[in-house]
Amino acid sequence: MVLNLLNNAFDATLEGSNPQPRIKLELVDAGECVNVRVTNTGRTIPQEVREFMFKPFFTTKPAGKGTGLGLSIVSHILSTHGGSVYLDTGAQETCFVAAFPKRQKR
Ligand SMILES: Nc1ncnc2c1ncn2[C@@H]1O[C@H](COP(=O)(O)OP(=O)(O)O)[C@@H](O)[C@H]1O
Ligand SMILES: [Mg+2]
(Lines give C-alpha, C1' and ligand atoms only; values in the text may rest on other atoms or scores of the structure.)
(Ligands and ions follow the chains in the order given, each with its own letter.)
Protein backbone atom coordinates (compact mmCIF):
# COMPACT_ATOMS: atom_id res chain seq x y z
CA MET A 1 0.00 0.00 0.00
CA VAL A 2 2.78 2.37 0.93
CA LEU A 3 4.36 1.24 -2.31
CA ASN A 4 1.53 2.89 -4.25
CA LEU A 5 2.39 6.19 -2.58
CA LEU A 6 6.11 5.70 -3.18
CA ASN A 7 5.51 4.93 -6.85
CA ASN A 8 3.45 8.11 -7.21
CA ALA A 9 6.16 10.11 -5.45
CA PHE A 10 8.76 8.61 -7.76
CA ASP A 11 6.69 9.45 -10.87
CA ALA A 12 6.23 13.02 -9.61
CA THR A 13 9.97 13.53 -9.16
CA LEU A 14 10.57 12.28 -12.71
CA GLU A 15 8.19 14.88 -14.12
CA GLY A 16 9.99 17.81 -12.58
CA SER A 17 13.20 19.45 -13.62
CA ASN A 18 14.50 19.58 -10.06
CA PRO A 19 18.18 18.62 -10.16
CA GLN A 20 17.92 17.19 -6.66
CA PRO A 21 14.65 15.31 -6.42
CA ARG A 22 13.90 13.82 -3.01
CA ILE A 23 11.41 11.41 -1.53
CA LYS A 24 10.98 11.23 2.22
CA LEU A 25 9.30 8.42 4.13
CA GLU A 26 8.31 9.07 7.74
CA LEU A 27 6.51 7.10 10.39
CA VAL A 28 4.67 9.21 12.95
CA ASP A 29 2.88 8.06 16.06
CA ALA A 30 -0.39 10.00 15.83
CA GLY A 31 -2.24 8.65 18.85
CA GLU A 32 -4.98 6.39 17.51
CA CYS A 33 -3.11 5.93 14.25
CA VAL A 34 0.36 5.40 12.94
CA ASN A 35 0.84 7.77 10.04
CA VAL A 36 3.04 6.89 7.12
CA ARG A 37 3.99 10.13 5.43
CA VAL A 38 5.40 10.13 1.90
CA THR A 39 6.78 13.48 0.81
CA ASN A 40 8.23 14.35 -2.57
CA THR A 41 9.67 17.33 -4.35
CA GLY A 42 7.76 18.29 -7.46
CA ARG A 43 5.06 20.59 -8.67
CA THR A 44 2.09 21.18 -6.41
CA ILE A 45 -0.94 19.14 -7.38
CA PRO A 46 -3.53 21.29 -9.21
CA GLN A 47 -6.94 21.69 -7.62
CA GLU A 48 -8.74 19.81 -10.41
CA VAL A 49 -6.48 16.81 -9.86
CA ARG A 50 -6.92 16.93 -6.07
CA GLU A 51 -10.65 16.70 -6.53
CA PHE A 52 -10.57 13.43 -8.45
CA MET A 53 -7.29 11.71 -7.63
CA PHE A 54 -8.80 9.27 -5.11
CA LYS A 55 -11.39 8.07 -7.62
CA PRO A 56 -10.85 4.79 -9.47
CA PHE A 57 -9.31 5.12 -12.95
CA PHE A 58 -8.49 8.80 -12.56
CA THR A 59 -4.99 9.34 -13.88
CA THR A 60 -3.00 12.17 -15.41
CA LYS A 61 -0.36 9.76 -16.68
CA PRO A 62 -0.05 8.50 -20.24
CA ALA A 63 -1.92 5.34 -21.23
CA GLY A 64 0.14 2.31 -20.33
CA LYS A 65 1.78 4.14 -17.45
CA GLY A 66 -1.01 5.09 -15.10
CA THR A 67 -3.95 2.90 -14.19
CA GLY A 68 -5.53 5.45 -11.90
CA LEU A 69 -6.08 2.76 -9.31
CA GLY A 70 -3.26 3.33 -6.82
CA LEU A 71 -4.84 5.94 -4.58
CA SER A 72 -8.35 4.53 -4.84
CA ILE A 73 -7.13 1.08 -3.74
CA VAL A 74 -5.17 2.51 -0.81
CA SER A 75 -8.17 4.61 0.15
CA HIS A 76 -10.58 1.69 -0.06
CA ILE A 77 -8.43 -0.72 1.95
CA LEU A 78 -7.58 1.78 4.66
CA SER A 79 -11.15 2.99 5.07
CA THR A 80 -12.31 -0.62 5.44
CA HIS A 81 -10.06 -0.80 8.49
CA GLY A 82 -10.96 2.59 9.92
CA GLY A 83 -7.96 4.39 8.45
CA SER A 84 -7.59 6.91 5.67
CA VAL A 85 -5.29 8.37 3.08
CA TYR A 86 -5.13 12.05 2.31
CA LEU A 87 -3.00 14.86 0.95
CA ASP A 88 -1.51 16.91 3.79
CA THR A 89 -2.48 20.33 2.50
CA GLY A 90 -0.54 22.03 5.29
CA ALA A 91 2.78 20.52 4.23
CA GLN A 92 5.39 22.58 2.40
CA GLU A 93 5.91 19.91 -0.25
CA THR A 94 3.64 17.26 -1.72
CA CYS A 95 2.87 14.93 1.17
CA PHE A 96 0.48 12.00 1.21
CA VAL A 97 -0.44 10.51 4.56
CA ALA A 98 -1.63 6.95 5.06
CA ALA A 99 -3.17 6.68 8.52
CA PHE A 100 -3.16 3.13 9.87
CA PRO A 101 -5.35 2.69 12.94
CA LYS A 102 -3.61 0.92 15.82
CA ARG A 103 -6.78 -0.94 16.74
CA GLN A 104 -9.33 -2.55 14.47
CA LYS A 105 -12.77 -0.98 14.64
CA ARG A 106 -15.40 -3.43 15.90
N1 LIG B 1 2.88 12.49 -5.31
C2 LIG B 1 2.11 12.97 -6.28
N3 LIG B 1 2.43 14.12 -6.93
C4 LIG B 1 1.65 14.62 -7.90
N5 LIG B 1 0.51 14.05 -8.32
C6 LIG B 1 0.13 12.90 -7.73
C7 LIG B 1 0.89 12.29 -6.69
N8 LIG B 1 0.25 11.16 -6.29
C9 LIG B 1 -0.86 11.07 -7.06
N10 LIG B 1 -0.93 12.09 -7.93
C11 LIG B 1 -1.99 12.34 -8.92
O12 LIG B 1 -3.09 11.47 -8.66
C13 LIG B 1 -3.37 10.68 -9.83
C14 LIG B 1 -3.93 9.33 -9.40
O15 LIG B 1 -2.93 8.55 -8.74
P16 LIG B 1 -3.09 6.97 -8.71
O17 LIG B 1 -4.46 6.62 -8.21
O18 LIG B 1 -1.93 6.39 -7.96
O19 LIG B 1 -3.05 6.54 -10.22
P20 LIG B 1 -1.82 6.54 -11.26
O21 LIG B 1 -0.54 6.64 -10.46
O22 LIG B 1 -1.93 5.23 -11.97
O23 LIG B 1 -2.05 7.72 -12.15
C24 LIG B 1 -2.06 10.63 -10.59
O25 LIG B 1 -2.26 10.36 -11.96
C26 LIG B 1 -1.51 12.04 -10.34
O27 LIG B 1 -2.12 12.98 -11.20
MG1 LIG C 1 -0.15 5.51 -8.76
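This is a predicted model: local features need pLDDT of at least 70, side-chain atom pairs count only at pLDDT 80 or more; totals for chains, interfaces and linings use all residues.
**Exercise 1.** Find out how many residues surround ligand 1 and which parts of the chain they come from.

*Solution.* Start with the head count: ligand 1 has 18 residues around it. Thr59, Thr60, Lys61, Thr67 and Gly68 are the closest of them. Next, look for the helices and strands involved: helix H1 (2-15), helix H3 (70-80) and strand E4 (94-101) each give at least two residues to this shell. Finally, sort the shell by type, and you get 8 nonpolar, 9 polar and 1 charged.

**Exercise 2.** Work out which backbone atoms pair up with oxygen atoms of ligand 1, and how much of the ligand the protein covers.

*Solution.* Gly68 passes, with a backbone N or O atom 2.8 Å from a ligand oxygen. Leu71 also has a polar backbone atom 2.8 Å from an oxygen of ligand 1. For Gly70, the backbone N or O atom lies 3.3 Å from a ligand oxygen. Now for the cover: on its own, ligand 1 has 530 Å² of accessible area, and the protein covers 91% of that.

**Exercise 3.** Describe the pocket where ligand 1 sits.

*Solution.* Then check the lining, which has 30 residues, with Asn8, Asp11, Glu15, Thr60 and Lys61 closest to the pocket's centre. H1 supplies the largest share, 7 residues. By type, the lining splits into 10 nonpolar, 15 polar and 5 charged.

Definitions and conventions: Residues are numbered from 1 along each chain as its sequence is written. Chains are lettered from A and ligands numbered from 1 in the order in which they are written. Side-chain values use heavy atoms; hydrogens and water are left out. A residue is near a molecule or strand if one of its heavy atoms lies within 4 Å of it. A polar contact is a pair of N or O atoms within 3.5 Å; within protein, one must be able to donate a hydrogen and the other to accept it, and residues adjacent in sequence count only if both atoms are side-chain atoms. Accessible areas come from the Shrake-Rupley method with a 1.4 Å probe; for residues, only the protein chains shown count as cover. On a 1 Å grid over the protein atoms alone, a cavity is a set of points where a 1.4 Å probe fits but cannot get out, and a pocket is an open set with protein on both sides within 12 Å along at least five of seven lines; lining residues have an atom within 4 Å of a point. A molecule sits in a cavity or pocket if more than half of its atoms lie within 2 Å of its grid points. Helices (H or I, at least four residues) and strands (E, at least two) are DSSP runs, numbered from the N terminus. Ala, Val, Leu, Ile, Met, Phe, Trp, Tyr, Cys and Pro count as nonpolar, Asp, Glu, Lys and Arg as charged, and the others, Gly among them, as polar.
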